[in-house]
Amino acid sequence: MQSLYFPSTLPHRTYSQIFTYSQDRSCALRIFVSPSAKPRSSFSPIISHGTRHGPSSNPLIVHISASPDPAKVLIIDDEIGPRESLRMLLKPSYQVHTAENVETGLQLLQEKRPDTIVMDIRMPGMNGIDGLRKIREIDPHLSVIMFTGFGALETAQEALRLGANDYINKPFDAVQMREVIGRNVERTRLQRQSEVTGRELQELNERLRNELAQKERLASLGQASAEFVHDLSNPLTIVWGYVQILAKKLEQSGDGNNGDRNASSPRELHIIEQNVRLCRELLTMWQSYGRVGASKPKPVSMSSIVQDVSRSVTGMASQNGVQLDCDIVEEELIVLGDPTQLTRALQNVIVNAIQAATEKHGKVVVNCQEKDLYADIQVRDTGYGIAEDEIGKIFEPYFTTKQGKNGTGLGLYITKKVIDDHNGSIEVVSTLGVGTTFTLRLPLHDK
């Protein structure tokens, strides 16, 4: 009979013993299971428990949780005890694959594409250090955790210098093991998402180059080409800011000993992907410029657009020392229109407000609510304000108060044109030295 043990650092008295027999009942597998484990799924396989001479009449029900698209962990260890202990510990949360040697592990790496590898250092044949070198040739960004006995501590430190992300001593602590696995799985997935987004940005850039090279008609469209460049500048500025934040966090997460749980940044990645998508939609919109058969207006949630745009500029506001406060109604405020056009219009106003408040390290407040059968969006900043004799000019093309600060004078012109096209209105109230408030109103659909 083979026994499967959880780490010796946990008190064995907290575990129940389970025996399961092979089909011919010639051998049994003994497992220690925590009685405090709570079922998270209705899937309930039965594992019989009892003596070597036969199972008990009272079967033990074990619940196994199943999550969609679980992360994958590959365990490479020549010893069946630690290998199976890890498999049993991780299988409720991960899709676990095991290999008894490095050669088999490398084959599984290419077939299964795991998110993290846990690999023993001392193994017959190709050892863990040699395996680490091979893994890095196949996937330089995959998280690799070295599994070692106390006597191999110096070797584990050498593994870190060769590119391992962390190491765990034998016997391992279950809680620590789960934390280390979770952290490294997130790190790998974050890195892969970042690479995908980077490729999308590169593809987008190539598309832009090809379009600008092939579509010489843009040169004759003067105003349209200027708007095109302006529309792409805001989301790409946001993308660039979050890429810088993400790059720093990825750099910090590369050290397996710092234990930085803030290294994973799914929110930043989501914002980057959201703005890359917006760039693509804008590009598609401008590719169809002047063609017959413009897209028909459709019901759009204005409250969701306000929330998405506000979330996307959070990093920009933070980087510029601006406090961004949002008060957005929870219910859907449905208007009839084009979501891409409405997004570009609102983004222009909020980005302008952040830029206006930057020098004073001020505040921007975004409100969205229903008012008199309209979606009422208010953007207020505590910047330097606009002079009274300039307020009447701010919606004119090429007029800007950002002299010497990369202002094109097209943002508010575009915004007003979009709001007018959606049968809405835009108002501005400003006081020099105090700030400016823009109010956009759009008629609600079917109200």
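**Questions on the structure**

Reader: In which helix is the place of I391?

Author: This is a predicted model, in which local features need pLDDT of at least 70, side-chain atom pairs count only at pLDDT 80 or more, and totals for chains, interfaces and linings use all residues. Residues are numbered from 1 along each chain as its sequence is written, and side-chain values use heavy atoms, leaving out hydrogens and water. Helices (H or I, at least four residues) and strands (E, at least two) are DSSP runs, numbered from the N terminus. The helix that holds I391 spans residues 388–391 and is α11.

Reader: What separation do the C-alpha atoms of I391 and S430 have?

Author: Contact means heavy atoms within 4.5 Å. Not counting residues up to four places away in sequence, I391 touches I386, V428 and S430. Along the chain, I391 and S430 are 39 residues apart, yet their C-alpha atoms are separated by 8.0 Å.

Reader: Which residues have the most contacts inside the largest nonpolar core?

Author: A nonpolar core is a set of buried Ala, Val, Leu, Ile, Met, Phe, Trp, Tyr and Cys residues joined through side-chain atoms within 4.5 Å. The largest has 51 residues, and helix α10 (residues 339–358) supplies the largest share of this core, 9 residues. Leaving aside neighbours within four places in sequence, F438 is in contact with residues including V349, I394, F395 and L412. Inside the core, the residues with the most contacts are I377 and F438.

Reader: In β12, which residue is the bridge partner of F147?

Author: Strand β11 is mostly covered, as 6 of its 7 residues are buried. It is joined to strand β12 (residues 166–170), which runs parallel to it, by 5 bridges. In β12, the partner of F147 is I168.

Reader: How many disulfides does the rule count?

Author: A disulfide is a covalent bond between the sulfur atoms of two cysteines; here the rule is a pair of cysteine sulfur atoms within 2.5 Å. C326 is partly exposed, with a relative accessible area of 42%, whereas C368 is buried at 2%. By the rule, the number of disulfides is 0.

Reader: Near what value is the phi of D372?

Author: D372 lies in the loop between β16 (363–371) and β17 (374–381). With a relative accessible area of 58%, D372 is exposed. R113, in the loop between α2 (102–112) and β10, is not a glycine and has a positive phi of about 50 degrees. D372 is likewise a residue other than glycine with a positive phi, near 55 degrees.

Technical notes:
Buried < 20%, exposed > 50% of the residue type's maximum accessible area, 1.4 Å probe, protein only. Pairing = 2+ DSSP bridges.
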